[in-house]
Amino acid sequence: VHNKCHDEYQKTADWLMSQTKHRPQVAIICGSGLGMLADALKCQDSFAYSDIPGFPQSTVQGHAGRLVFGELKGKSCVCMQGRFHMYEGHSLCKTTFPVRVFKLLGVETLIVTNAAGSLADGLQPGDIMIIKDHVNFPGLVGLNPLCGPNDDKFGPRFPAMSGCYDKGLRRLAMEIGKQLGVAGVMQEGVYAMVGGPNFETIAEARLLHRLGVDAVGMSTAPEVVVATHCGLRVFGLSLITNKCCTHIDSDSVNHEGVLEVGRLRSHTLQQLVTELISRMEINNNNTSNN
Ligand SMILES: O=P(O)(O)O[C@@H]1C[C@H](O)[C@@H](CO)O1
Ligand SMILES: Nc1nc2[nH]cnc2c(=O)[nH]1
C-alpha cells in the first residue's frame with residue numbers, strides 16, 4: 001500500500017487552479033482509444049501529465065497523457081486523455097490519484113469510459129454498454145485503492161458500493177441514445193475488472209461468462225470505488241471493442257483492434273457524452289472562469 005496524504009492531492013489541485021480559470025463540475029476519464037471525447041470541449045486549457053506536479057505518467061498507446069479543461073454546453077469539464085492502469089506498475093493509489101484531485105477541484109460528477117471485451121451474446125463489437133454494476137476482481141482479493149489508513153476527509157472507512165452507478169444518469173443516457181437513433185447498439189450490463197495486461201484465456205473467458213459478467217476490461221473499478229467513497233456521482237460506459245475468446249477458433253484480441261473500434265465509434269460516443277453532460281443536473285455552484 002502506498003497511501004498518499006491529503007496534502008499531496010491538495011497541492012496538485014492548487015497548482016491546477018493556479019494555472020486555469022476553469023472550475024470543473026464534471027470530470028471525464030477516457031478509455032483506450034477514446035481520447036477524442038476531449039475534442040468537444042471549448043476554450044481549452046490543457047496540461048501534459050508530465051507538467052502537473054504529483055501526477056503519474058501514462059505509458060499505454062492510445063492514452064495521450066493530457067488533462068484538458070474546457071466548457072461543454074455551458075458546463076465546466078475536465079477530461080483525462082489517458083488513464084492509469086494497475087498493470088502499468090502503478091499502485092492503485094496512483095491509478096486513482098486524479099479522482100481525488102477532481103473532488104478537490106469541485107467536481108461533482110465523474111464519467112468513466114473504457115474499452116472492453118464482450119462475454120454477453122447480445123453485445124457486439126461497436127456496441128455501447130452502460131455500466132449498471134461492476135465486479136472488482138482485484139478488489140475482492142484486497143487490491144483496493146482504499147486499503148490502508150482511511151482518509152476521513154474524503155469518505156468513510158466502509159463505504160457502500162451498491163448503487164454506485166447513478167440510476168438517473170443511466171436512464172438519461174438510454175433516453176439520449178433513443179433520440180440519437182443509436183438505442184439499438186446500447187444496453188446496460190455488468191463490467192468486470194481483471195488485472196491484465198494479458199487478454200483472457202479461453203477458460204477465463206468462459207468462467208467470467210458463467211459468473212454473469214457482460215464485459216471485461218482492465219480499469220475503471222478502482223476509479224469508481226474512490227469516486228464513490230468521496231461522494232462523486234458516477235456514470236460509466238464501456239465501448240465493446242471485441243468478443244472475448246471463448247473457443248479455440250475464436251478471433252484473437254489485440255490492442256490495435258481495440259483502438260480501431262474506438263476510432264469507428266468516436267462520433268457516436270462524443271454525441272452521447274456531450275448530450276448527457278448538457279442535460280444532467282448539477283447541484284453545486286461552481287462555474288468556470290470565476
Ligand atoms: O483504459 P481501458 O480500460 O479502456 O483500456 C482497455 C484495457 C487495456 O488497457 C486495453 C486493452 O486493449 O484497453
Ligand atoms: N481484459 C480485457 N480487456 C479488454 N479491453 C478491451 N478488450 C478487452 C478484453 O477482451 N479483455
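This is a predicted model: local features need pLDDT of at least 70, side-chain atom pairs count only at pLDDT 80 or more; totals for chains, interfaces and linings use all residues.
Residues are numbered from 1 along each chain as written, chains are lettered from A and ligands numbered from 1 in written order. Local features need pLDDT of at least 70 and side-chain atom pairs count only at pLDDT 80 or more, while totals for chains, interfaces and linings use all residues.

Reader: What makes a residue part of the shell around ligand 2, and which are closest?
Author: A residue counts as near a molecule if its C-beta atom, placed from the backbone, lies within 6 Å of it. For ligand 2, 15 residues surround it, the closest being A115, G117, V216, G217 and V258.

Reader: Which strands supply at least two residues of that shell?
Author: β5 (109-118), β8 (215-217) and β9 (233-243) do, and β5 gives the largest share, three residues. Strands here are DSSP runs of E, at least two residues, and helices runs of H or I, at least four, numbered from the N terminus.

Reader: How do the residues around ligand 1 divide into nonpolar, polar and charged?
Author: Ala, Val, Leu, Ile, Met, Phe, Trp, Tyr, Cys and Pro count as nonpolar, Asp, Glu, Lys and Arg as charged, and the others, Gly among them, as polar. By that rule, the shell around ligand 1 has four nonpolar, eight polar and one charged, whereas that around ligand 2 has nine nonpolar, five polar and one charged.
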